[in-house]
Amino acid sequence: MEINQDPHYLNTQTPSPDMVRFFKVEDVFNMARANSLWPLTFGLACCAIELMAGGAARFDMDRFGFGVFRPSPRQSDLMIVAGTISRKMVPCIKTLYDQMPSPKYVIALGGCATAGGPFKYPGQYGILEGIDKIIPVNVYIPGCPPRPEALIAGILELQKQIKEGRTQGVMSPAAVNDSQDARPAEYKNAMSRAEFRKQV
Amino acid sequence: MSITVERNMKQWLLDTIKPDEFAEKDLKKNGILFEALARPDQIQSVAREFLAQRYFLESLTAVDFAECLELVYHFNRWDGCRRVCVKVLVPKEGGVPGNGAWHAPTLSSIFKSANWFEREIHEMFGIVFDGHPHLKRLLLPESSTIFPLLKSFKGEPKGSDVAQSLKLIEEDAKEFRVQEAQSLTKKDKDYYLNLGPQHPSTHGVLRVLLHLSGERVLDGEPIIGYSHRHHEKMMEIQTYFGCWPNMGRLDYVGAMSYNMGYALLAEKALGLVPPPRVEHIRVLMTELNRISSHLLWMGTFLLDLGAFTPFFYCFDDREQILDILEMATGERLTYDYFRFGGVDHDIPQEFAPAIKAFIPGFRKRLADYDKLIRRNIIFEKRTKGLGVLTKESALSYGVTGPSLRAAGVAYDLRRDEPYSLYPELDFNIPTATDSDVYSRYWVRFREMEESLKIISQLVDKIPAGETKLARVPKNFPKGEYYSACESARGLFGMHLVSDGSLNPYRFKLRTPSFSNLNSIIDMLPGCLISDVVAVLGSIDIVLPEIDR
Amino acid sequence: MIPELFTIILYGTLVILFVSVNALFLVWMERRVSARIQLRRGPIHVGWQGLLQTVADAVKLISKELVLPSESDRFLYILAPMLVFAPLLAAFLILPLGPGMVMRDLNVGFLFAFALTNITFIGIFIAGWSSNSKYALLGAMRAVAQNISYEIPLLLSTMGVVLLAQSLKMSELVAAQNSVWFIFLQPVAFLIFLCSSLAEANRAPFDIPEAESELVAGFHTEYSGMRFALFFLGEYTAIFISSAIAATLFLGGWEGPFLPGAVWLLIKTYAIVLVVMWIRWTFPRLRSDQLMSFAWKVLIPFAIVNVFITAVVLELQKI
């Protein structure tokens with residue numbers, strides 16, 4: 001997969017670097033963007049349930065204006081990567097991210113989206129160890145899964161970043177090539193069936 | 001009745017098949033009645049005979065040995081635990097996996113559930129099933145070249161291969177887009193539509209490829225594997241204790257049942273008897289978790305039908321249950337609480353009073369739900385007579401859990417293969433007759449009431465005592481073990497091959513949603529797109545449990 | 001000539017201002033009402049009681065990138081949101097706000113408003129068609145089918161009122177309700193009108209063109225930024241207009257004691273909008289074929305019978 005390391009790809013703040021910018025207007029826009037983050041309805045695994053809980057009655061993300069979950073990437077500002085990223089899912093996530101209009105933000109929710117979580121071990125064959133290998137991330141939220149409070153704290157942190165105008169996403173310095181745990185795998189060797197049957 | 005069937009079956013096997021190996025097993029220890037080794041050319045007639053005796057194919061897996069691969073078929077019946085195991089050896093002649101040298105006959109024409117099971121074995125072990133209609137990769141991307149569950153697989157080499165495989169995945173996606181575009185330009189009126197992997201009502205990352213004519217579904221095929229997390233391979237390098245967190249993350253919505261299943265497997269195999277306090281805590285936890293799982297299902301299912309508000313009410317109730325569970329376990333979702341012969345730590349003082357305070361409020365809520373949802377005319381119109389799964393189809397697909405009970409079969413492992421405290425408890429097994437979306441809703445709804453009944457029976461009687469056994473072995477003795485329990489979605493089975501070391505040799509997880517989801521292939525034709533969403537919602541799937 | 005032009009410009013500006021502010025307020029109201037129904041608080045942190053929440057949403061949507069899907073029909077794709085939004089503004093022409101306070105008291109009255117609001121469906125169909133997305137196309141297909149079916153009961157249900165008032169003019173309809181509101185004389189017609197206008201405005205339980213759990217976002221799946229916001233504005237303005245017409249036809253329009261007519265109209269309209277929201281957050285969605293059969297097998301026969309009975313009763317009274 002071709003990973004765009006071009007700085008404009010990382011800068012999710014402005015639609016185009018060549019656009020004329022009015023700084024006061026930008027500030028107003030940033031205030032508005034910070035207070036109206038619409039997440040993409042998108043869950044991968046366990047963390048997605050906590051994401052749902054965050055939107056539901058007790059935690060109610062809508063209090064801060066984060067409750068408008070949009071099913072279409074075209075209408076959302078925030079991608080909350082909630083769960084383990086299997087390799088089969090990687091191109092889909094990349095496509096979804098590219099379909100979102102700028103300015104867009106990414107939150108890596110939970111251990112798996114941050115760095116592979118419990119499924120990272122030497123010799124693993126199925127997952128991508130961290131979403132920041134393919135798209136820039138603004139806020140990482142630890143936990144397995146993080147509590148809804150942590151999610152809300154993470155979004156408020158993102159809100160702070162947007163208000164201050166520092167929304168440069170972070171991409172992992174390790175390329176996709178290095179995404180695997182470098183240690184050798186500890187898989188077992190096959191045992192002989194005849195001997196196994198004898199001893200059982 | 002069933003005993004005669006089983007005796008006849010054994011006799012038939014011994015007379016007709018003349019197995020090379022035959023062993024009586026202890027149901028209480030190994031989880032099966034007997035096992036037999038058939039030759040590859042016999043397995044189809046064996047399967048036909050089992051189907052004629054109304055057995056279903058509970059699980060099909062393979063084990064990699066040095067000289068051969070062993071296919072393990074578990075057959076079971078709907079009346080009590082009559083699980084039997086038939087094995088077939090696939091010799092490892094002709095070298096490497098992937099060159100199509102390892103052959104076995106397919107059962108997909110006899111049991112529909114074998115279709116997916118065999119595809120999974122094909123991609124994980126490289127066995128070619130002769131006569132299989134659709135032998136493609138199931139969980140991994142189509143372009144993968146690895147056979148991960150073979151013991152010769154040592155992980156992909158670091159570096160370019162990963163990037164290479166990712167590139168291949170992207171190519172798969174591109175190819176799909178081209179096919180899709182072609183399907184649009186065709187002159188025929190039918191076309192293909194991708195529901196997922198990112199879609200609001202696929203409950204995760206399921207992709208359903210719908211073949212449509214207008215809005216009418218001609219046929220649909222679920223495509224899974226988008227959250228494949230290699231649990232089975234991962235557990236092979238972990239200690240038995242280290243497998244506990246995996247149990248919480250397989251079916252994160254009803255994690256307690258999975259804890260229960262793993263604890264049962266160990267206790268059966270090792271002959272441990274947990275103290276009574278532990279049993280009480282376990283059943284309380286599992287049933288509370290079952291209610292919370294059903295609540296989550298109910299909320300999202302109604303969300304699929306377009307009713308937003310019940311979701312919030314269900315989550316409100318669910319949060320109260322999570323509070324109680326969190327009080328004892330410290331976790332909200334991915335519980336990792338049970339231990340072999342015990343639980344991790346004792347419950348706090350406030351646990352029982354909290355449950356007692358929860359029960360009356362929830363009873364009232366259930367009555368409200370019934371009034372607001374089931375008696376709503378739109379709900380009734382949307383769900384009645386939709387997505388009918390016949391008994392034959394359910395048998396062929398190995399459907400279990402509430403989806404099966406909605407077809408009128410009162411098969412519940414808590415009754416039919418009793419474990420823990422369930423034999424002593426007073427509860428009913430709700431069934432329905434129509435086997436449509438409405439019945440599935442109704443069965444799950446009444447299951448919540450039954451779980452509540454179990455909880456109120458136990459909550460006052462938690463005995464004092466130990467919550468752990470003093471000495472618990474760290475490993476399983478050499479051998480094969482099978483154990484099953486009733487999760488919120490159906491029969492959760494675990495097949496363990498232990499080589500006596502500290503970590504499992506092969507750990508197969510038979511997850512209920514896998515077979516249940518497979519059965520929607522029979523339910524989809526003739527539906528509208530709106531109905532697809534309702535049918536998908538009604539079978540209650542959890543994707544990471546399917547993809548493992 | 002000059003004052004006429006001036007009035008038109010003034011009125012147009014006022015309408016656009018009112019429509020934007022009103023839509024923002026309605027979205028805020030919807031979110032608070034739904035939160036109230038759903039055991040939660042809704043937006044409360046942005047501005048006093050969250051009143052600035054929708055303003056923030058709007059400003060953000062203005063600042064978003066406008067995505068143009070690569071294989072879309074560009075001209076139609078850009079045209080569609082305007083086609084959806086603009087005709088709704090013109091419908092404000094005929095709303096009477098008080099005695100003599102109406103921009104154009106047309107002879108065809110509210111028929112003009114319905115004729116205009118129907119143009120939005122052409123916009124919706126164009127949006128679905130030009131996006132080159134199957135979900136959008138399915139949504140557009142559903143929208144057209146739904147619109148054609150529900151137009152008939154909508155207009156038939158108003159015929160009873162027209163028979164009572166003997167006029168299509170909005171001002172005369174209000175005047176005819178001087179003694180008693182038509183909702184008491186024509187309760188069936190009111191219910192049919194409410195159902196049909198829900199369907200016309202794509203509101204739950206008739207929101208199948210944008211059914212979120214089925215078609216992702218329906219006809220506007222591919223729209224982003226301000227173009228999407230126009231659909232959003234259009235939806236809420238359509239609700240407001242149909243509620244305002246319902247208030248005029250059945251609830252006596254601007255008539256009421258003490259307060260000025262415009263305020264009374266607003267109060268009545270918002271009351272109906274509240275009911276509309278309440279319905280949305282209570283019911284599941286209908287299936288498309290059920291939706292059709294509901295229109296053709298239930299609403300239309302009832303509406304026809306209602307017109308017939310009204311006519312017969314009126315004739316009998318004359319004798």
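1. In this predicted model, 32 residues of chain C are in contact with 26 residues of chain A. The two chains bury about 2,500 Å² between them, and 56% of that area lies on carbon and sulfur atoms.

2. Six salt bridges are counted between chain C and chain A. One pair that meets in a salt bridge is C:Arg31 with A:Asp62, whose side chains approach to 2.7 Å, N to O. The count of residue pairs in polar contact between chain C and chain A, with both residues at pLDDT 80 or more, is 21.

3. On the side of chain C that touches chain A, helix 2 (53-63) and helix 11 (225-250) of chain C each supply at least two residues. Helix 2 of chain C gives the largest share of that side, with seven residues. By residue class, the side of chain C that touches chain A divides into 14 nonpolar, nine polar and nine charged residues.

4. A separate point concerns chain B. Here three strands form an open sheet in the order 13-14-15, with antiparallel pairing. Strand 13 (479-486) and strand 15 (506-510) of chain B are the edge strands, each pairing on one side only. From one strand to the next, the twist averages 10 degrees.

5. Within that sheet, strand 14 (residues 491-498) of chain B runs antiparallel to strand 15 of chain B, and five bridges join the two. B:His495 stands opposite B:Lys508, a residue in strand 15 of chain B.

Notes. Residues are numbered from 1 along each chain as its sequence is written. Chains are lettered from A and ligands numbered from 1 in the order in which they are written. This is a predicted model: local features need pLDDT of at least 70, side-chain atom pairs count only at pLDDT 80 or more; totals for chains, interfaces and linings use all residues. Side-chain values use heavy atoms; hydrogens and water are left out. Contact means heavy atoms within 4.5 Å. Buried area is the accessible area (1.4 Å probe) that two parts lose on being put together, summed over both. A salt bridge is a side-chain nitrogen of Lys or Arg within 4 Å of a carboxyl oxygen of Asp or Glu. A polar contact is a pair of N or O atoms within 3.5 Å; within protein, one must be able to donate a hydrogen and the other to accept it, and residues adjacent in sequence count only if both atoms are side-chain atoms. Helices (H or I, at least four residues) and strands (E, at least two) are DSSP runs, numbered from the N terminus. Ala, Val, Leu, Ile, Met, Phe, Trp, Tyr, Cys and Pro count as nonpolar, Asp, Glu, Lys and Arg as charged, and the others, Gly among them, as polar. Two strands pair if DSSP finds at least two bridges between them. Axes are lines fitted to C-alpha atoms, for helices over the stretch in contact, and angles run from 0 to 180 degrees between N-to-C directions.
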